[in-house]
Structures are given as C-alpha cells and as structure tokens.
Amino acid sequence: MIVGVGIDVAEIDRFGAALERTPQLAERLFLEQELILPSGERRGIASLAARFAAKEAVAKALGAPGGLHWTDAEVYVEPTGQPRLRVRGTVARRAAELGVRTWHVSLSHDAGVASAVVIAEG
C-alpha cells in the first residue's frame with residue numbers, strides 16, 4: 001500500500017549560491033557522509049541539490065508535517081549505484097505513525113535542475 005508520494009525539484013545554480021552564501025547550511029541539511037563521495041572527494045552541487053530535493057520529497061510523502069529535521073532523512077547509495085533512504089528521529093517517528101515500512105527514491109539532475117521522487121510504502 002502506498003502511504004505517500006513526494007516530488008521536488010531544485011535549481012542547481014540557485015542551490016549552489018545558497019550554499020556559498022551560507023557555508024553552515026550544508027551541515028544543517030546533510031550528514032557528513034552525504035557530503036562526501038566514497039572516493040573521499042566532496043560531492044558536487046548537482047548531487048547535493050538532488051539530495052536536498054529528496055529530503056523535501058520525503059516531507060511531502062509524509063504529509064509535510066512541521067518539526068522534521070533535515071538530517072533525520074539520509075540519502076545514501078548502494079554499491080550498485082541505486083539511491084536509498086535511511087530515516088531516524090523525527091522522520092522515523094512520523095513514518096511509523098503512518099505505517100511506512102519501505103522507501104523508494106529516485107534522483108536525477110539535468111539541464112540545471114535536480115529532482116527527486118520519494119514513495120513511502122506501508
């Protein structure tokens with residue numbers, strides 16, 4: 001059963017400018033492991049914008065309640081390259097209230113726009 005679906009887009013240049021203007025913003029939005037590639041290099045702006053869109057999509061899939069913490073939704077990548085979602089804290093509590101047991105996430109970025117779709121399944 002589908003509990004909720006969320007979709008969001010982020011303009012990559014605008015997102016990059018926000019990170020540049022407010023250096024501590026990245027730490028408020030992302031866990032350290034989301035900022036770094038498996039190679040140890042810093043993740044690119046397009047990839048971060050897609051992850052930000054995924055976090056927004058998670059909130060929408062959960063009914064957009066207030067009080068969710070950005071870092072309570074972590075986007076990570078399987079060795080196969082498939083993006084996954086790990087939730088904790090405020091996001092996990094809301095998901096449990098709604099009966100969410102499985103998450104599906106898709107990320108994309110092209111033509112200056114990053115996008116994400118999240119499906120919460122019960």
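**Loops, ring pairs and nonpolar cores in a predicted model**

Glycine 67 is exposed, with a relative accessible area of 55%. The model described here is a predicted one. Glycine 67 belongs to the loop that runs between α4 and β2. Along the chain, 23 residues separate glycine 67 from threonine 90, yet the C-alpha atoms of the two are 7.2 Å apart.

The loop between α4 and β2 also contains alanine 64. Although alanine 64 is not a glycine, its phi is positive, at about 55°. The relative accessibility of alanine 64 is 55%, and this residue therefore counts as exposed, the cut-off being over 50%. A further positive phi in a residue other than glycine is found at alanine 111, where the value is near 55°. Alanine 111 is placed in the loop between β4 and β5, and its relative accessible area of 74% makes it exposed.

In sequence, proline 38 and valine 77 are 39 residues apart; in space, their C-alpha atoms are 9.5 Å apart.

A pair of aromatic rings is described by the distance of the centres and the angle of the planes. The structure holds three aromatic pairs. One of them joins phenylalanine 15 to phenylalanine 30, with 6.3 Å from centre to centre and 85° between the planes, an edge-to-face arrangement. This pair links distant parts of the chain, given that phenylalanine 15 is in helix α1 (residues 12-21) and phenylalanine 30 is in the loop between α2 (25-29) and α3 (32-35), 15 residues apart. Phenylalanine 15 is buried, its relative accessible area being 7%. Phenylalanine 30 is likewise counted as buried, at 2% relative accessibility.

Another pair is formed by phenylalanine 52 and tryptophan 70. Their ring centres are 5.2 Å apart and their planes lie at 35°, so this pair is tilted. It too links distant parts of the chain: phenylalanine 52 is in helix α4 (residues 45-61), tryptophan 70 is in the loop between α4 and β2 (73-77), and the two are 18 residues apart. With a relative accessible area of 16%, phenylalanine 52 is buried, whereas tryptophan 70, at 33%, is partly exposed. Ring pairs join Phe15, Phe30, Phe52 and Trp70 into a cluster. An aromatic ring also meets a charged side chain: arginine 86 lies over the face of tyrosine 76, at 3.9 Å from the ring centre.

On the α1 side the meeting residues are Ile12, Phe15, Gly16 and Leu19, and on the α4 side they are Ile45, Ala46, Leu48, Ala49 and Phe52.

In soluble globular proteins, nonpolar side chains tend to be buried together. The largest nonpolar core of this model has 17 residues, and Val58, Leu62, Leu85, Val100, Trp103 and Val118 are those with the most contacts inside it. Two or more residues come from each of α4, β2, α5 (89-98), β4 (102-110) and β5 (113-121). Helix α4 gives the largest share of this core, five residues. Apart from this core lies another, of 15 residues, with Leu25, Ala26, Leu29 and Leu48 among them.

Which residues surround valine 58, once its neighbours within four places in sequence are left aside? Valine 58 is in contact with Ala73, Leu85, Val91, Trp103 and Val118. When residues up to four places away in sequence are not counted, alanine 73 touches Glu34, Lys55, Val58, Leu85, Arg86 and Val91. By contrast, the C-alpha atoms of alanine 73 and glycine 63 are separated by 15 Å, with the two residues 10 apart along the chain.

Note on methods
Residues numbered from 1 in each chain as written. Predicted model: local features only at pLDDT ≥ 70, side-chain atom pairs only at ≥ 80, totals over all residues. Heavy atoms only, no water. Phe/Tyr/Trp six-rings, centres within 6.5 Å; stacked < 30°, edge-to-face > 60°. Helix = DSSP H or I, 4+ residues; strand = E, 2+ residues; numbered from the N terminus. Buried < 20%, exposed > 50% of the residue type's maximum accessible area, 1.4 Å probe, protein only. Lys NZ or Arg CZ within 6 Å of the ring centre and 35° of its normal. Core = buried A, V, L, I, M, F, W, Y, C linked by side-chain atoms within 4.5 Å. Contact = heavy atoms within 4.5 Å.
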